[in-house]
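Thanks for coming, everyone. Let me put the structure up, and then I'll walk you through it.

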Amino acid sequence: MKSPYISRVQIKNFRNFENVDCILSHKQVIIGENNVGKTNFLRAIQLILDRSFSDLDRELNETDFFDGLENPMSNGEEIIIAIEISNYAHNNQLLAQFPDALINPTDPRLRFTYKYFPNKNLEGKVLGYSYIIFQGTNEENFFTRQDREFINITVIGALRDVVKELNGNKRSPLYKLIQNYNIPNVDLEEIASSMSTVSQDILNLEEIKDIKHLINLKFNILSGTQRDNEIKLSPYDVDIDKLLYTMQIYLGLKGRSVSELSLGLSNILYLTLMLLLLEDKTIPRIINKELFDELIKKEGGVILNDFYDITENENKYKISETVQDLSPLYSFLSKNLYVKHSTTFLAIEEPESHLHPVLQRLLYREVLHKSETSVLFTTHSPYISSVSPLDSIVRIARNKYNSTISATAKLDLSTNEKIDLERYLDAKRGEILFGKGVIIVEGITEEYIIPELANLMGISLDSLGIIVCNVHSTNFYPYVKLLIELDIPWVIVTDGDYYETEQITVQGKLKNKKYFHRHFDPTSNYSFAGLNNISKLLQTLKLLDPKEVTGNLEENFELLKTKNCHIGRHTFEVDSMIKSEVNGNLIFKKIYSELRPGGEGQQKNFDDALESNNYWLALERIEGNISKGRFAQRLASNIKIEMAPDNLIEAIVNITKQINSIYE
């Protein structure tokens with residue numbers, strides 16, 4: 001059963017954030033460049049939920065106010081951070097502990113708010129600042145340290161020492177995990193007694209006896225005439241608590257200790273233990289026979305037989321590994337067995353640290369798709385973002401004035417569109433998510449050509465953070481929808497696909513038939529499939545009012561440019577051949593000559609088609625003998641600016657202006 005999760009975060013006047021309101025899902029993968037506020041976003045949540053924070057840690061100062069505020073404390077500004085918790089209705093402890101935090105009975109969510117505010121005298125002068133943390137909407141319903149025993153957050157920082165955490169001590173997640181099992185003291189005392197008895201044998205070793213003798217001799221000399229100074233040796237005292245927290249993990253056939261492991265394996269091991277530690281404890285994996293017998297007598301208790309198997313020594317019951325649906329058992333135990341446990345959200349900064357990309361994908365695909373624990377990651381890794389659920393992406397970006405937060409939790413796409421988009425992100429390693437701006441193209445030709453054209457224009461797409469994303473189709477809708485949701489600037493570059501319409505007779509009826517791959521004829525009945533497709537796309541996205549579209553195709557081309565859609569007239573190759581003059585055509589001939597598999601006859605046929613302006617035939621020669629992708633790959637390193645179709649140039653200029661307007 002999925003755990004409760006932070007479903008909404010609102011931040012006002014805190015550090016990078018002036019006023020943000022972000023809807024989240026059960027898993028959150030927070031992406032963004034360095035210094036945009038990813039750590040500050042987590043810090044805001046920590047001010048409310050982190051048990052490790054002292055009261056002093058929760059006290060802020062003037063440097064914690066939004067950077068754009070002038071003299072915020074003198075002017076009496078406030079910092080407000082609010083979080084909402086969803087999916088908690090099955091958790092009886094949260095229901096009982098936080099009735100005052102409920103904000104809407106018809107849409108059950110818990111709200112907790114941090115408020116840092118000025119204390120003023122009667123004249124309104126600011127005397128100092130205080131903070132409160134409260135539940136729901138009533139500032140008198142305080143959220144206290146005791147409340148954090150029931151709901152809290154654990155943040156694992158980027159500069160973490162997991163080896164230290166894993167080594168046997170009371171802070172070790174292994175020790176805490178063992179504690180959760182509530183092993184009966186009688187079992188531990190029996191083991192401790194046996195270990196103590198066996199360890200006494202070491203005192204009978206001649207070497208130990210001699211050491212004891214030498215110590216006594218030297219000590220008596222140094223201590224003079226003091227009485228009762230006989231030295232005795234004894235093995236380490238084995239008490240039941242030390243028996244548990246000195247437990248350590250060893251790996252492999254040779255039993256390597258944690259300190260001998262690579263940092264990557266240590267991080268995986270640490271995360272494994274943390275995820276187990278934070279799982280819902282309502283269903284105990286092991287129940288003592290006495291408790292089992294008590295529970296089975298309760299109303300509906302017979303259900304336990306369906307979920308537990310008796311152990312070999314017949315004094316305990318263990319959860320069956322074959323049962324899939326545990327919800328009936330959860331319902332019964334939540335009513336009949338009180339197990340105090342906290343709801344803990346796990347946040348990890350840069351979880352990719354020290355992990356090979358293959359391990360990143362394997363590990364976090366498991367965590368993000370199969371774990372029932374709510375987790376928050378801040379990451380720069382495309383390998384993690386590429387396997388993230390589509391509704392889990394949180395993007396933090398910084399413009400000239402502040403940091404903004406966008407998320408995909410409410411991304412409105414069909415199931416199939418989400419599946420297709422997740423497959424694209426997986427295959428492309430999530431590159432579309434990391435761009436400051438995105439040029440969406442329909443094919444590999446533009447993917448090769450556009451970066452080189454930008455270089456010829458003196459524009460470095462890499463420096464501007466602009467990504468060219470080839471979606472391998474003209475189905476742009478889910479990609480544009482994603483970019484809009486994440487507030488990432490975008491342009492579309494697509495073919496015009498000119499066609500002519502003629503009436504033909506079919507079974508005695510007149511029908512319109514479209515003819516593609518023809519050269520432009522202004523006297524014909526013509527249109528552009530690309531223009532029609534983009535017009536429908538923008539209307540579906542509510543970015544274009546149908547009333548704006550006119551009967552004048554050239555006006556519509558210009559209109560769609562203002563909507564960030566740059567459409568050619570034919571295909572890139574034909575548009576480029578039409579625009580190219582003698583030098584451009586020489587480049588086409590040169591590349592064809594370098595790549596063609598056949599002899600001079602093939603070359604002559606291509607040259608003749610090009611020189612006679614039969615560009616569709618020339619393109620057919622390229623497709624049949626080389627392939628458009630291979631030709632474009634070579635053309636990219638030879639193209640001249642005068643060969644570029646206008647829609648590509650205009651798209652590069654457009655996206656550059658968008659980026660500069662945001663970040664300059």
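I'll take salt bridges, then cavities, then a pocket and the surface.

Some ground rules. This is a predicted model, so local features need pLDDT of at least 70, side-chain atom pairs count only at pLDDT 80 or more, and totals for chains, interfaces and linings use all residues. Residues are numbered from 1 along each chain as its sequence is written, and side-chain values use heavy atoms, with hydrogens and water left out.

Salt bridges, then. Side chains of opposite charge can pair when their charged atoms come close. The cut-off here is a side-chain nitrogen of Lys or Arg within 4 Å of a carboxyl oxygen of Asp or Glu. How many salt bridges does a search of the whole structure find? The search finds 33.

Take Lys 115 and Glu 78. Their closest N and O atoms are 3.8 Å apart. Lys 115 sits in strand S5, residues 110–120, and Glu 78 in the loop between helix H2 (55–58) and strand S4 (79–86), so this pair ties together parts 37 residues apart in sequence. A word on those labels: helices (H or I, at least four residues) and strands (E, at least two) are DSSP runs, numbered from the N terminus.

Are these two residues buried or partly exposed? Buried means under 20% relative accessible area, exposed means over 50%, and partly exposed is in between, with a 1.4 Å probe and protein chains only. Lys 115 counts as buried, at 14%. Glu 78 counts as partly exposed, at 27%.

Next pair: Glu 447 and Lys 428. Here the closest N and O atoms are 3.6 Å apart. Glu 447 is in helix H15 (residues 444–456) and Lys 428 is in the loop between helix H14 (415–427) and strand S17 (437–441), so the bridge ties together parts 19 residues apart in sequence. Glu 447 is partly exposed, with a relative accessible area of 22%. Lys 428 is also at 22%, and counts as partly exposed.

Lys 563 lies in the loop between helix H19 (553–561) and strand S23 (565–567), and Glu 548 in the loop between helix H18 (529–540) and H19, so parts 15 residues apart in sequence are tied together. Glu 548 is partly exposed, at 32%.

There is also a network of salt bridges. It links Arg 8, Asp 21, Glu 84, Asp 107, Arg 109 and Arg 111.

On to cavities. The search runs on a 1 Å grid over the protein atoms alone; a cavity is a set of points where a 1.4 Å probe fits but cannot get out, a pocket is an open set with protein on both sides within 12 Å along at least five of seven lines, and lining residues have an atom within 4 Å of a point. Grid points are joined across faces, edges and corners, and a volume is the space filled by probe spheres set on the points.

The structure holds 2 cavities of 30 Å³ or more. Helix H9 (263–277) and helix H12 (357–370) are the elements that give two or more residues. Which of them gives the most? H9 does, with 4 residues. By class, this lining has 10 nonpolar, 1 polar and 1 charged. Ala, Val, Leu, Ile, Met, Phe, Trp, Tyr, Cys and Pro count as nonpolar, Asp, Glu, Lys and Arg as charged, and the others, Gly among them, as polar.

The second largest cavity holds about 40 Å³ of space. Among its lining residues are Glu 446, Asp 495, Asp 575 and Asn 647. Helix H20 (572–579) and helix H25 (646–663) each supply at least two. The classes are 3 nonpolar, 4 polar and 3 charged.

Now the second largest pocket, with about 370 Å³ of space. Of its 22 lining residues, Tyr 5, Leu 24, Ser 25, His 26 and Asp 391 are the closest to its centre. Strand S1 (5–14), S4 and H12 each supply at least two residues. The lining has 6 nonpolar, 6 polar and 10 charged residues.

Last, a distance. Glu 452 lies in helix H15. Glu 452 and Glu 189 are 263 residues apart in sequence, and 74 Å apart in space, C-alpha to C-alpha.
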